[in-house]
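Please look over the sequence and the structure shown below. A short briefing follows, grouped by topic.

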Amino acid sequence: MTSTVDTVRELTYAEAIREALAQAMEADERVFLFGEDVGIYGGAFGVTGDLVHRFGTERVRDTPISELGIVGAAVGAALAGMRPIVEIQFSDFTAQAMDQIANQAAKIHFMLGGAAEVPMVLRAPGGSGTGAAAQHSQSLEAWFAHVPGLKVVMPATVADAKGLLLAAIDDPNPVVVLEHKLLYKQSGQVPADSGRVPLGEAAIRREGTDLTMVATGVMVSRALEAADQLAADGISATVVDPRTLKPLDSGSIVDAVVATGRALLVQEAPRSGGFMAEVAALIGDSPAFGYLRAPIRRLCGLDVPIPYAPQLERAAVPQVPDIVAEATRLVREW
Amino acid sequence: MDLTKDAEAAQSALRTMWTIRRFEEAVDDLFGRGLMHGTMHLSIGQEAVPTGACLALADGDYITSTHRGHGHCIAKGAKLDRMMAELLAKETGYCRGRGGSMHIADVATGNLGANGIVAGGVPIAAGAGLAVRMRRQPHAVLSFFGDGAVNEGAWHEGVNLAAIWDLPVVFVCENNHYGMSMAVNKAFRVERLAERAKAYGIPGVTVDGNDPQAVHDAVAEAVERARAGRGPSLIEAVTYRWKGHSKSDKNLYRSREEIDSWRERDPITLFEAAVLGSGTLAEAELERCRDEARDAVRDAIRTANAAPDAAADELASAVYAGGPS
Ligand SMILES: Cc1ncc(C[n+]2csc(CCOP(=O)(O)OP(=O)(O)O)c2C)c(N)n1
Ligand SMILES: [Mg+2]
């Protein structure tokens with residue numbers, strides 16, 4: 001038996017996504033891409049890059065500015081035997097497409113009694129930090145996680161950007177992949193051939209004893225940075241990255257909280273109705289409740305639209321010092 | 001109004017076009033030097049459209065604008081220092097640093113705002129027209145949008161509402177040949193975007209968007225029609241964006257020759273030649289318009305730079321009208 005050795009290389013988050021797209025298109029001719037400026041422009045954030053030159057304009061299609069049409073066409077193509085991947089330039093513009101996402105893609109399999117499948121992927125970048133202001137900076141994961149029938153993924157590392165996308169493409173359901181703008185240029189190790197990351201499995205990014213931080217998106221790296229600083233101060237933190245919000249790996253989260261007895265939940269999105277409220281309720285409802293030594297705390301974006309001015313934008317979402325301060329309070333006061 | 005024969009109108013048009021040009025060149029420079037943050041969409045090369053269009057409007061008329069909205073804002077009468085302060089994230093900016101370039105608005109001059117959402121302003125313009133009608137006001141509403149907006153659902157719904165209710169709205173499409181990298185001839189099967197008007201039963205015309213007179217005449221006629229209660233119109237102003245879509249644009253979708261051929265049709269150069277040729281303005285008067293524009297932009301930068309930075313402490317109480325909830 002010959003064992004294949006998978007090479008691991010350093011790629012950026014954007015390159016890792018591109019590699020997943022290319023491998024999926026090579027492996028399955030039903031897979032194709034479309035969206036605004038994904039062709040010759042290479043995508044607004046450069047993610048699709050040279051794919052149009054490699055796969056042609058039939059499979060890497062530029063569209064007019066018509067988000068509802070784009071997602072609806074993906075639903076139709078998926079129903080009729082293709083495996084479409086669409087890019088929505090900023091996740092904020094999923095608002096334009098929401099009927100096709102929430103009323104069509106999400107529900108068709110169920111409403112038709114299981115007679116049809118909608119195997120499509122919607123990729124969109126979210127998050128603040130670029131000065132793009134209120135209509136180009138939102139973190140909308142809770143919108144999607146609230147709709148039965150959608151799967152929701154938030155890759156926080158370069159390897160996951162590839163691995164989760166490959167799994168999303170394989171999935172027979174509509175999967176919303178929320179990328180983060182601030183991560184596109186970050187580099188990390190990525191396996192060349194494999195590296196599929198199953199949907200619904202959290203990653204324990206760091207193990208500690210004093211508290212468990214659950215963080216999503218760009219907050220994962222901020223929580224890890226905070227954990228390093230906390231360690232210097234004698235506080236030992238676990239960091240859990242759920243990776244998939246729907247289906248959520250509740251077991252890993254509960255186990256991690258059981259082990260430390262304290263939970264700090266960190267999200268960029270505004271607090272009210274946010275996904276971490278769901279995680280808090282999950283912990284409260286679980287056997288971890290009996291192990292809690294402190295109230296469950298959330299550190300979230302303010303309940304405000306993202307402002308333009310850099311100092312305002314920073315103040316609107318959790319930063320590393322905020323996480324350190326909140327974690328320290330939680331451990332020292334309880 | 002004959003912009004090339006009436007000296008006062010000619011100077012006004014020229015000063016506005018130069019002010020837009022100099023303002024955006026300054027913004028480009030500040031951005032390039034890292035002194036301005038965020039993202040930037042420049043309308044250099046398209047100055048004749050907002051200039052000609054807004055000269056056909058009166059006080060009390062409204063506009064809705066776009067992500068490429070500095071020109072609309074200036075032409076409708078905004079103060080340069082408050083615009084510059086907004087882009088420089090200052091407390092004295094039109095939006096107190098909360099909106100930036102993509103949300104710049106001067107509500108006092110009837111500018112209901114730039115928009116980060118393509119076609120977002122189109123149904124809003126219909127709604128403003130509805131309010132004007134219901135309040136029995138004499139005003140008109142002018143909605144600026146790009147060619148790309150014409151393929152959004154919101155555009156069709158907004159235009160149709162204005163049409164069936166005979167609302168006093170003028171829809172002005174700045175066809176600059178591209179929506180980001182998407183060429184108009186790839187995004188549409190119709191030859192002229194003005195043809196879309198037929199589907200809604202309203203008049204549609206195509207004009208030279210690099211000629212402020214042509215834009216002005218078409219808009220003036222449409223405004224008159226709107227005020228008379230005869231409903232909306234669609235005007236397609238054909239022009240060209242000289243700069244990239246935004247800072248990330250490598251211009252891979254168009255040729256250097258194409259850009260150069262449009263730079264030769266510079267709306268400002270052409271207009272200056274026309275007013276000189278007709279004897280309406282002398283070279284010294286042209287020079288004065290240019291100097292005034294340059295000085296106004298310099299003053300705006302100086303004033304804005306001296307202003308305090310936008311303050312973060314009131315964010316949470318800034319979300320709802322009527323104070324904190
Ligand atoms: C709903 C929506 N989709 C996509 C975008 C991203 N985007 C911003 S401007 C733009 C191109 C707009 O083209 P056009 O309407 O022709 O205006 P122009 O930029 O040429 O002035 C795109 C795709 C957006 N801001 N809003
Ligand atoms: Mg355009």
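In chain A, 5 strands form an open sheet with mixed pairing, in the order E9-E11-E10-E13-E14. Strands and helices here are DSSP runs numbered from the N terminus, a strand (E) having at least two residues and a helix (H or I) at least four. Two strands count as paired if DSSP finds at least two bridges between them. The model is predicted: local features need pLDDT of at least 70 and side-chain atom pairs pLDDT 80 or more, whereas totals for chains, interfaces and linings use all residues. Residues are numbered from 1 along each chain as its sequence is written, chains are lettered from A and ligands numbered from 1 in the order in which they are written, and side-chain values use heavy atoms, leaving out hydrogens and water.

**The sheet of chain A**

- Strands E9 (203-206) and E14 (297-301) of chain A are at the edges; each has a single partner strand, so one side of each has no neighbour in the sheet.
- Neighbouring strands of this sheet are turned by 25° against each other on average, direction ignored.
- Strand E10 (residues 211-215) and strand E13 (residues 263-270) of chain A are parallel and share 4 bridges, and A:Val214 has A:Leu265 in E13(A) as its bridge partner.

**Helices on this sheet**

- Helix H9 (residues 250-260) of chain A lies across E10, E11 (237-241) and E13 of chain A, at about 155° to E10(A).
- Helix H12 (residues 320-333) of chain A packs on the sheet and touches E10, E13 and E14 of chain A, its direction making about 150° with that of E13(A).
- Contact means heavy atoms within 4.5 Å; angles run from 0 to 180 degrees between N-to-C directions, with axes fitted to C-alpha atoms, for helices over the stretch in contact.

**The sheet of chain B**

- Chain B has an open sheet of 5 strands with parallel pairing, ordered E1-E2-E3-E7-E6.
- Strands E1 (62-64) and E6 (204-208) of chain B stand at its edges with a single partner strand each, so one side of each lacks a neighbour in the sheet.
- From one strand to the next, the twist averages 20°.
- Strands E3 (residues 169-175) and E7 (residues 233-238) of chain B run parallel and are joined by 6 bridges; B:Phe171 has B:Leu234 in E7(B) as its bridge partner.

**Between the chains**

- The contact involves 34 residues from chain A and 38 residues from chain B.
- Chain B and chain A bury about 2700 Å² between them, 63% of it on carbon and sulfur atoms; buried area is the accessible area (1.4 Å probe) lost on being put together, summed over both parts.

Methods
Buried area is the accessible area (1.4 Å probe) that two parts lose on being put together, summed over both.
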